[in-house]
Amino acid sequence: MTVYFIGAGPGAADLLTLRADKLIRTCQVCLYAGSIVPPEVLAITPEGATVINTARMPLDEITQVIVQATADGKDVARLHSGDPSIYSAVAEQARRLVERGIDYEIVPGVASFSAAAAVLGHELTVPTVGQTVILTRVSGRASKMPEGEDLDTLGKSGATLVIHLAAHDIDRVVDELLPNYGEDCPVAVVAYASRPEEQIVRGRLADIAPAVRAAGITRTAVIIVGKVLGAEGFPDSFLYSDDRPRDEHGRTIPCAH
């Protein structure tokens, strides 16, 4: 039997991958991480499936449910929002499954930062403006940030920052970014991307904090900071350049150096 750690995406049921949809429809046990997995996704679990909200369950209790399910010959769909590769707590769960010899598989999903960029109508990498995206968060109750990964240090790169789990601490985020990005740097805060309750707040570092507070955004949001959000007049990428050498199939011909 197998435990599937499934990226349930940012919320919209039609943003599930085909693989995620198939597994949710067939696994006899489904564990989901509270309200961040919407009812529309849970509605496709098979008739008679055991569906458990793990929001208030300690990890050892969740592990025991999984152990019992696999011992009973049942596959388990373990749903996490977004993509399991970031901020999903899959690592701690997988470690326990390995210790018990239980097979697991990770199923990618649409990440929250991808959904946020989509609703903003922006690419997060823009030619000559920004080619690096840093996904990060701030220290809090969940866990402390490692040394050297604070916003001031990361901000010295000038890269586009996508900050998770920090909308409740927007004033602190602004204070730590201002020295490196300046008051006029564009910022967007997207809450519940792709869901009916989606909210978007745009501004500059100088005015984004009061706007976020006025909107009542405190959770389930990403903060995107960087010049790419306001980029204009940049050149076309090399992909579309007339100077790009192509073969008869349109493929790039490597240049000798």
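Let me begin with Leu165: setting aside neighbours within four places in sequence, Leu165 is in contact with Tyr87, Arg137, Val138 and Ala221, where contact means heavy atoms within 4.5 Å. The structure shown is a predicted model, in which local features need pLDDT of at least 70 and side-chain atom pairs count only at pLDDT 80 or more, while totals for chains, interfaces and linings use all residues. Residues are numbered from 1 along each chain as its sequence is written, and side-chain values use heavy atoms, with hydrogens and water left out.

Leu165 sits in the loop between strand E7 (160-164) and H7. Helices (H or I, at least four residues) and strands (E, at least two) are DSSP runs, numbered from the N terminus.

I turn next to H7 and its partner. Helix H7 (residues 170-181) packs with helix H8 (residues 208-215) at an angle of about 165°, and their axes are 9 Å apart. The axes are lines fitted to C-alpha atoms, for helices over the stretch in contact, with angles from 0 to 180 degrees between N-to-C directions. H7 and H8 are therefore roughly antiparallel to each other, a term used for angles over 145 degrees. On the H7 side, Ile170, Asp171 and Val174 meet Ile208, Ala209, Val212 and Arg213 of H8. Five of the residues in this contact are nonpolar, none is polar and two are charged; Asp, Glu, Lys and Arg count as charged, Ala, Val, Leu, Ile, Met, Phe, Trp, Tyr, Cys and Pro as nonpolar, and the others, Gly among them, as polar.

Now to the aromatic residues. How many aromatic pairs does a search of the whole structure find? The search finds one. Phe5 and Tyr104 form this edge-to-face pair, at 5.8 Å centre to centre and 75° between the planes; rings of Phe, Tyr and Trp (its six-membered ring) pair if their centres lie within 6.5 Å, and planes over 60 degrees apart count as edge-to-face. Because Phe5 lies in strand E1 (residues 2-7) and Tyr104 in strand E5 (residues 103-107), the pair ties together parts that are 99 residues apart in sequence. Phe5, at 0% relative accessibility, counts as buried, whereas Tyr104, at 35%, counts as partly exposed. Buried means under 20% relative accessible area, exposed over 50%, and partly exposed in between (1.4 Å probe, protein chains only).

Finally, helix H5 (residues 112-120) has Ala115, Ala116, Ala117 and Leu120 buried. Their cover includes strand E8 (186-191), strand E9 (199-204) and strand E10 (221-225). Just after H5, Gly121 takes a positive phi of about 75°.

Methods
Angles under 35 degrees count as roughly parallel, over 145 as roughly antiparallel, 65 to 115 as roughly perpendicular and the rest as oblique. Rings of Phe, Tyr and Trp (its six-membered ring) pair if their centres lie within 6.5 Å; planes under 30 degrees apart count as stacked, over 60 as edge-to-face and the rest as tilted.
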